[in-house]
Amino acid sequence: MDPACAKLVHSTEQRWRYRLQSATPLDWQRLDTALAEELPSGSWSWRVNPRCQSVILEVRAEAPWPPVDARSRGWRAVLAAMDSAGATAPSPPVLKVRVRSLRQPPRAPLAWLLAPLNLASLALSLTLLGLAALLAVLGALGLLLPLLPGVPFLVLAFLLAELAFRLRRPFVASASVPI
């Protein structure tokens, strides 16, 4: 029996409630009879609820095994009882995936027209990144030396680096596309 047919909904140390799912209708009388065969009545009590499609198992205090062992015994008993009652596993849920195609690279004539723009963007971005690196060094020195203001240089370096990245964005293919 597939464990996906029984889902633990609520549990305490000595009581467990399982919600049962089956693709075919369950024979609840056979399920109750199968539970009586699987679980010794001196150590267990259970209640089958066809309306809520659930089974509540409770181990009594005089059970000869510890509660951790009782939980696994009860779980196996529920699965075996569902198997004998004719339960079949429900079909897995269908996942809907939206797909969006990435933009196509430009065709040959358009690529030749965009090449000078790409090179100009690359040159300007590298110049801005070099200037940002210089400002970052001046800003770091400004934080150490009391006469030179460091924070405005660091903020300006950050803004220049962001501008350099934004200039390159139209010419660089993205790795992933948000939907």
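1. A residue is called buried when its relative accessible area is under 20%, exposed when that area is over 50%, and partly exposed in between, using a 1.4 Å probe and protein chains only. By this scale tryptophan 75, at 25% relative accessibility, counts as partly exposed.

2. The model discussed here is predicted, so that local features need pLDDT of at least 70 and side-chain atom pairs count only at pLDDT 80 or more, while totals for chains, interfaces and linings use all residues. Residues are numbered from 1 along each chain as its sequence is written, and side-chain values use heavy atoms, with hydrogens and water left out.

3. The largest nonpolar core has 26 residues, and Leu20, Leu31, Trp44, Leu57, Val78 and Met82 have the most contacts inside it; such a core is a set of buried Ala, Val, Leu, Ile, Met, Phe, Trp, Tyr and Cys residues joined through side-chain atoms within 4.5 Å. At least two residues of this core come from each of β2 (15–20), α1 (28–38), β3 (44–49), β4 (54–59) and α2 (67–84), where helices (H or I, at least four residues) and strands (E, at least two) are DSSP runs numbered from the N terminus. Helix α2 gives the largest share, six residues. Apart from this core lies another, of seven residues, including Ala132, Leu135, Ala161 and Ala164.

4. Leucine 57 can be followed through its contacts, a contact meaning heavy atoms within 4.5 Å. Not counting residues up to four places away in sequence, leucine 57 touches Gln14, Arg15, Trp16, Tyr18, Leu39, Trp44, Ser45, Trp46, Gly74 and Val78.

5. The structure holds two aromatic pairs, a pair being rings of Phe, Tyr and Trp (its six-membered ring) whose centres lie within 6.5 Å, with planes under 30 degrees apart counted as stacked, over 60 as edge-to-face and the rest as tilted. Tryptophan 16 and tryptophan 44 form a tilted pair, 6.1 Å centre to centre with 45 degrees between the planes, and this pair links distant parts of the chain, since tryptophan 16 is in strand β2 and tryptophan 44 in strand β3, 28 residues apart. Tryptophan 16 counts as buried at 2% relative accessibility, and tryptophan 44 likewise counts as buried at 2%.

6. In the pair of tyrosine 18 and tryptophan 75, the ring centres are 5.4 Å apart and the planes are at 45 degrees, so the pair is tilted. This pair also links distant parts of the chain, with tyrosine 18 in strand β2 and tryptophan 75 in helix α2, 57 residues apart. Tyrosine 18 is buried, with a relative accessible area of 2%, whereas tryptophan 75 is partly exposed.

7. Arginine 168, in helix α4 (residues 151–168), deserves a careful look. Beyond residues up to four places away in sequence, arginine 168 touches Asn118, Ser121, Leu122 and Ser125.

8. Serine 121, found in helix α3, counts as buried at 8% relative accessibility. Leaving aside neighbours within four places in sequence, serine 121 is in contact with Leu167, Arg168 and Phe171.
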